[in-house]
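I opened my notebook for a walk through this model. I wanted to look up a pocket and a couple of side chains.

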Amino acid sequence: MYRPARTAAWSAGLLVLLVAVTLTSAALGPVRIDLVTVAMAVLNAVVVPVGVTVGSASLPLLGVSVPVPGLEYAAVFSFDIPATRQIIVADIRLPRIALAATVGLALAAAGTVMQGFFRNPLADPSIIGVSSGAAAGAVAAIAFPALIPVGGLHLSAFVGALGTAFLVYGIATDGGRTPVATLLLAGVAVQAFLGAMISYMLVHSGDSLREAVFWMMGHLNNSQWSDVQFALPIALVGVLILCAFRRELNVLLLGEEDAHHLGIEVERTKLLLLALASVVTAAGVAVAGVIGFVGLVVPHIMRLIVGPDHRILLPTSALAGASFLVATDTLARAGPAVVPVGVITAALGAPFFLFLLTRREVHSL
């Protein structure tokens, strides 16, 4: 029997874990900082809006200045700590940690939805080509910046991801119905085509080859608060809306015909789930590159712990994904040279998933 109190308890525990992992990650680095100072620096970084400002921006093609509203912020806390410590924590480490938590939340939630949607334990956020579409958009922006003068890397990757998702959906839809098997096959075919396009662009990328390859490995280097501002609202709102469809996900596991008899508008629900999962994935991939195994392994781990009921599985997987990526990114920057976090997630996720395959029942949902 489903008990909301159990969901609340697990979510609260995972939130505490996320806070602990965040503080620990912010304390570690070339300059070690004690946890008390880290906590005060994090609190000093908390701001609230106190007013509205009006700036101006120039339209790229028309050269006309237009007013742009903004918010004025004020700090809530003012603990007395060394300025260098405050800068290290609030301006260098905290944006990277916040971005890691955002991307982990997005990928784990999307992976949980995709596994339930396709009733396939091998499904992950990239199964319908979202990651390939983002990679194609990003590589195009890096290799041929003159062709994409507006929006930059993040927007190009985001548009590429969403465009691919809806292209796959359009190909697989016939007569108002979208068979899951057809959707999966269309995703595989589109991914193969995009892979060829990415390879072609890499060959002709010239001096941009290193940057493009590094982005495709998945990394959080040089993270800024602007990256968090881009991804967090999209990911958070998308995950919250997905949580509203937890019951429908449970029913879809019974099969589309049974779901229809139980009162679910199957095609409408499938479109909404696919669209939301794609948007959430696109937000994460656009700012961090292609990070594998988060959306595949984390839902499996949480399914073994809390069970298959999406009413508890979806929110707990999202929170666990945030902690997982913060922890793995801490490992990525712990050595003498910073390693792309996508390399760490693959190095940890692949052996663990193989362990689950040999020791646990992961071949069915």
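Helices here are DSSP runs of H or I with at least four residues, numbered from the N terminus. I keep in mind that this is a predicted model.

**Entry: Ser278**

I started with Ser278 and found its place in helix H11, which spans residues 266-288. Is Ser278 buried or exposed? Its relative accessible area is 1%, and the cut-off for buried is under 20%, so I put Ser278 down as buried. Next I looked up its side chain, which reaches the backbone oxygen of Leu274 at 2.7 Å. Leaving aside residues up to four places away in sequence, I listed Ile128, Val130, Leu162 and Ala165 as what Ser278 touches.

**Entry: Asp309**

I then moved on to Asp309, which sits in the loop between helix H12 (294-306) and H13. Its relative accessibility is 19%; buried means under 20%, so Asp309 counts as buried. Which side chain does the side chain of Asp309 make a polar contact with? I found Arg311, at 2.9 Å.

**Entry: the largest pocket**

Last, I turned to the largest pocket, which holds about 570 Å³ of space. Helices H1 (4-27), H3 (83-118), H8 (225-243) and H13 (310-332) are the elements that each give two or more residues to its lining. I noted 20 lining residues, with Leu18, Ala98, Ala101, Thr102 and Leu232 nearest the pocket centre. What does the lining look like by class? I wrote down 17 nonpolar residues, three polar and no charged ones.

Conventions:
Residues are numbered from 1 along each chain as its sequence is written. This is a predicted model: local features need pLDDT of at least 70, side-chain atom pairs count only at pLDDT 80 or more; totals for chains, interfaces and linings use all residues. Side-chain values use heavy atoms; hydrogens and water are left out. On a 1 Å grid over the protein atoms alone, a cavity is a set of points where a 1.4 Å probe fits but cannot get out, and a pocket is an open set with protein on both sides within 12 Å along at least five of seven lines; lining residues have an atom within 4 Å of a point. Grid points are joined across faces, edges and corners, and a volume is the space filled by probe spheres set on the points. Ala, Val, Leu, Ile, Met, Phe, Trp, Tyr, Cys and Pro count as nonpolar, Asp, Glu, Lys and Arg as charged, and the others, Gly among them, as polar. Buried means under 20% relative accessible area, exposed over 50%, partly exposed in between (1.4 Å probe, protein chains only). A polar contact is a pair of N or O atoms within 3.5 Å; within protein, one must be able to donate a hydrogen and the other to accept it, and residues adjacent in sequence count only if both atoms are side-chain atoms. Contact means heavy atoms within 4.5 Å.
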